[in-house]
Number of protein chains: 2
Amino acid sequence: MNMAESEPMCPERLVMEHVTSRWGTLALIALLERSYRFSELRREIGRVSEKMLAQTLQTLERDGLVHRDAKPVIPPRVDYSLTDLGREAAEQVRDLARWTERRMAAVERARAAYDATRA
Amino acid sequence: MNMAESEPMCPERLVMEHVTSRWGTLALIALLERSYRFSELRREIGRVSEKMLAQTLQTLERDGLVHRDAKPVIPPRVDYSLTDLGREAAEQVRDLARWTERRMAAVERARAAYDATRA
DNA sequence: CGGTATCCTCCCTGATACTG
DNA sequence: CAGTATCAGGGAGGATACCG
C-alpha cells in the first residue's frame, strides 16, 4: 500500500497511493457492491494476507473512505462498508480499472510492437 | 513504479500500477498539457532522478501511452508526448488527482477524528 | 473471528559515475 | 543532452505464531 510516509511529498499523493494500491483498489471495488465481513472480503479478493488486508482497511478507514462496524459479539463480527467519500473514490478507481480492461488489448499490441523492435 | 512483474497477477493491475505510480502520474499529467523534452520534463516534475524518469517513460512507452521522438542530432534531443491511448489514461489519472485535491480537506478531517479516538 | 507481533526477504529507489 | 551501469539502503509485503 506504500504507506510509508517519511519522504516529503504532497499529501494528495499519499491518498492516491492508498486508493490505487494493490489491495486498496480491490477492496474499494468489492465494497462498491455491498458491505463485507473481514474474512469474507479476504476470500473475495483472494491471495491477500491477513496482515495486508488489515493494514489496507485501516488506512482507508483513517482516510475516511471505509466505515468499520465492530459488533460486540462472540465470536467477533466486523463489517466494512464505504462512506460517501469512499464511494466517490471507489467509483473513480473502478472507472480506471474499467478503462484498463477496455484498452488492455491495445496495450498488449503496443508492447508486442515495442519488444519486436528490440529483440 | 512497481515494475516488478514476477508474481502472478492480472495484467490489468500492472497497467494501473504504471499509470498510477508516483512518477507515472506526474509525467502523464504534465504531458497532458504539451510535449516535453527529457530534461524539461525532469525539471517540471522536480525531485525525480534521471534513472526513475527514464524507467517510467520507458514503461509508459512500452505500454503504448507515451510517444518517444528521438531526433538524430548532436546534442541529442528527445521529445515525449502522449499517444491517443495515453491521453485517455492521463485524463483518468488527472480526474483522480483532482478528486483527491477536492476532497483532501475531508480526508484530513477524517484522519484527525480517527487519530483522536486513539491518542 | 478478526486481528497483532515479529521476523525475513525481495526489489524499488536514489546516488554516483560513466557514455555516445 | 539523454541516457545506462552499478551499488547500497530501506521499506513493502509475506509467513508464521500468538491473542482477546
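**The interface between chains A and B**

Chain A and chain B each put 44 residues into the contact. This is a predicted model, and in it the area buried between the two chains comes to about 3900 Å², with carbon and sulfur atoms giving 61% of that. On the chain A side, the residues that lose the most area to chain B are Arg62(A), Trp99(A) and Arg111(A), which together make up 18% of what that side buries.

Six salt bridges are found across the interface of chain A and chain B. In one salt bridge, the side chain of Arg111(A) meets that of Asp63(B), at 2.7 Å from N to O. Arg111(A) is also among the residues of chain A that lose the most area to chain B. As for where the chain A side comes from, the elements giving two or more residues are helix H1 (11-20), helix H2 (22-33), helix H4 (50-62) and helix H5 (84-116). H5(A) supplies the largest share, with 20 residues. Sorted by class, the side of chain A that touches chain B holds 18 nonpolar, 17 charged and nine polar residues.

Turning to the chain itself, an unreviewed UniProt entry annotates residues 10-108 of chain A as "domain: HTH hxlR-type". That span is 69% helix and 14% strand, and its end C-alpha atoms lie 33 Å apart.

A few backbone details are worth a look. Ile74(A) and Pro75(A) are joined by a cis peptide bond, with omega at about 0°. Pro75(A) sits in the loop between strand S2 (66-71) and strand S3 (77-82) of chain A. In chain B, the peptide bond from Ile74(B) to Pro75(B) is cis as well, with omega near -5°, and Pro75(B) falls in the loop between strand S2 (66-71) and strand S3 (77-82) of that chain. Back in chain A, Arg47(A) is not a glycine, yet its phi is positive, at about 65°. Arg47(A) belongs to the loop between helix H3 (38-45) and H4 of chain A.

Conventions:
Residues numbered from 1 in each chain as written. Chains lettered and ligands numbered in written order. Predicted model: local features only at pLDDT ≥ 70, side-chain atom pairs only at ≥ 80, totals over all residues. Heavy atoms only, no water. Contact = heavy atoms within 4.5 Å. Buried area = accessible area lost by both parts, 1.4 Å probe. Salt bridge = Lys/Arg side-chain N within 4 Å of Asp/Glu carboxyl O. Helix = DSSP H or I, 4+ residues; strand = E, 2+ residues; numbered from the N terminus. Nonpolar A, V, L, I, M, F, W, Y, C, P; charged D, E, K, R; others polar. UniProt positions renumbered as here; feature names shortened; annotations may be inferred.
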